[in-house]
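Student: Could we take a close look at just one part of this protein together? I would like to follow a single element step by step.

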Amino acid sequence: MTANTIGVADLPNTRLSARLASLTELTKIGFGRAGTDGFSTELLTEAELLLRRSGERMRMSASHTVVALAGGTGSGKSTLFNALSGANFSPPGVTRPTTKHSHACVWGMEGAAPLLDWLGVQRRHRYARASALDEGEATLNGLLLLDLPDHDSVVSGSAALVDRLVKMADMLVWVLDPLKYADASVHRRYLVPLAGHAAVTSVVLNKVDMLSVDQAADCESDLRRLLEAEGLAETKVLVTSATTGTGLGELRRVLAGAVAARQAATDRIGADVDALLERFAVYAGDRVPGWQPPERAAGEGHPNGHPARPVPAAPVPGNDWQPWQMTAAPTSSTAQPPWDDASPDGDGAASAAEDPTVYVPAGPAGLLTAALAKAAGVAAMTETLNGLRERSAARYVGWPPARLAARMVGRAPARKPLAADPAAAPQAQQADIDNAITVFASEVGGSLPEPWSRTVLTAARSRADGVQAALGAAVRQGLPPRDKVTGWWRLIALAQWLLMLLTLAGLVWIVLILSFGESHLAHKPPSLISDVSLAPWLGVMVVALLLLGWLISSWCQNMVVLAADRERELAVHAILAQVGAVTSDLVLVPVGRELADYERFRTELAAARAQLPRTGG
């Protein structure tokens, strides 16, 4: 049975079924975060019991309305029960008025047996209105009237029985007497918690035959004042006397109206849900600062115009439990935390229904990525790329005479390990990583109510131990190879050495001319090595070659710098992409799952609180 079919058997209320389904989700989310600093285990247990009790009641007869007469010792509720039933079914005590067992009188017994079994009424205390007594009371057909034990009874177990049946009844009629109508134990323990149950609660001031008219009016006025102060201003207050019959007609009309409407059961469950939701509301604050829902049509996927519910990124403990099952939901689990990878069927496969990082605000996520990149030394590593490439290129595109001159005057670059060497890449400090994650978690979840602010921090730190190694790997993968040599460098080197050879040839030619030119001038005609007139032109050629080599070297160095700048930018983008992936996988995804559950909690709470106008009886 699913949330769409619950209640179809007997109590058809689709909206109530949807609210119970939302309460189920709230309870599941809460169980994943229960504890001293988390969701109240008492609240979650009460929600679990309400869901189970509601499912059981909604499978019972919808033709019967369970009305419980509750009160203290001597309030006259048993006498009132007998007066309404028309027989002495529940005899009042003689020495000390006290009802030891619950009694039931049913108008229309067909289909009531399972309901009586569920209520725990013993067979010998079940009474059915005979046909002779039913004349004139057809409007009460479907009424199941309970006479509860006295809540202050000295009989062992009576108080527990009253507490159980008060929660199970569709409608409550509290019977008070003029002497103890202001009894603090009744008001604190029973009436005050029913402040939101005015539609299914009535208070009867019984035994007014013991008072004068003025005294009865004063007692009624004082009782109304007490109820109004306790938030029960809308609760019906009736004045009766079971002995004289005063007010019984009005009480019967109230009961007949509840029976005819057939809304008491669903109204009672709805009021109980409302009471629990008020307590769940303390765990739901405002939207995560800086986060905007993914773009989608307003009200898409929701019949009442509410935002579509986020798809849970990970299961919560007890995911296979349904509130309408007869067994209780698990209160403890050895399952992984909600932010760990798992699939709904528990096979460990990631559930990729929706990227959980969409629930993380972009601003803090970007700042975290930048902080981790800084901790990994990305800026320092990439800045050395220019010097690395310039020194590497100088061996190919540099003008050999210039390199020789620099080495002679001691200006040659020192040969030392390069910081950009992947093997020499420094590891990020774990303290810097932890500090960045803490700042991020504080900015994202610091304003959320407990336990969410704590669970967001826990989720952010859940994989922090692996961030340091992952950042180191990201930097190494993003850096280009250290010994990378561009093809045109080799061509320029070949051209430079060719110019160098030509320069050396020119110098040797000049030396030969200067050495042999004068001695052979008078004996032989001029030749290439003796023609002194060639020396100036050869000198010009040598200077031109030297200048050309220097110009080529300078131009190539500029090209190397430009290329190194582009390479550095590409490396920065590559490393930042890797760092972003590390940040997403190890921090943003766990936090996103937690924030997705927080938004789902808010959405389910809003859906459970939503009320549709009643279309009819």
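Student: In which sense do S1 and strand S4 pair, and over how many bridges?

Tutor: Happy to look at that with you! This is a predicted model, where local features need pLDDT of at least 70, side-chain atom pairs count only at pLDDT 80 or more, and totals for chains, interfaces and linings use all residues. Residues are numbered from 1 along each chain as its sequence is written, and side-chain values use heavy atoms, leaving out hydrogens and water.

Now to your strand. Helices (H or I, at least four residues) and strands (E, at least two) are DSSP runs, numbered from the N terminus. S1 covers residues 65–71, and its partner S4 covers residues 143–147. The two pair in the parallel sense over 5 bridges; pairing means that DSSP finds at least two bridges between two strands. Within this pair, Val67 stands opposite Leu145 in S4.

S1 also pairs with strand S5 (residues 171–176), in the parallel sense and over 5 bridges. Here Leu69 is the residue opposite Val173 in S5.

Next, follow the side chains. In a regular strand they alternate between the two faces of the sheet. In S1, Thr65, Val67, Leu69 and Gly71 point one way, while Val66, Ala68 and Ala70 point the other way. Are these residues buried or exposed? All are buried, that is, under 20% relative accessible area with a 1.4 Å probe, counting protein chains only (exposed is over 50%, partly exposed in between). S1 is therefore described as mostly covered, with 7 of its 7 residues buried.
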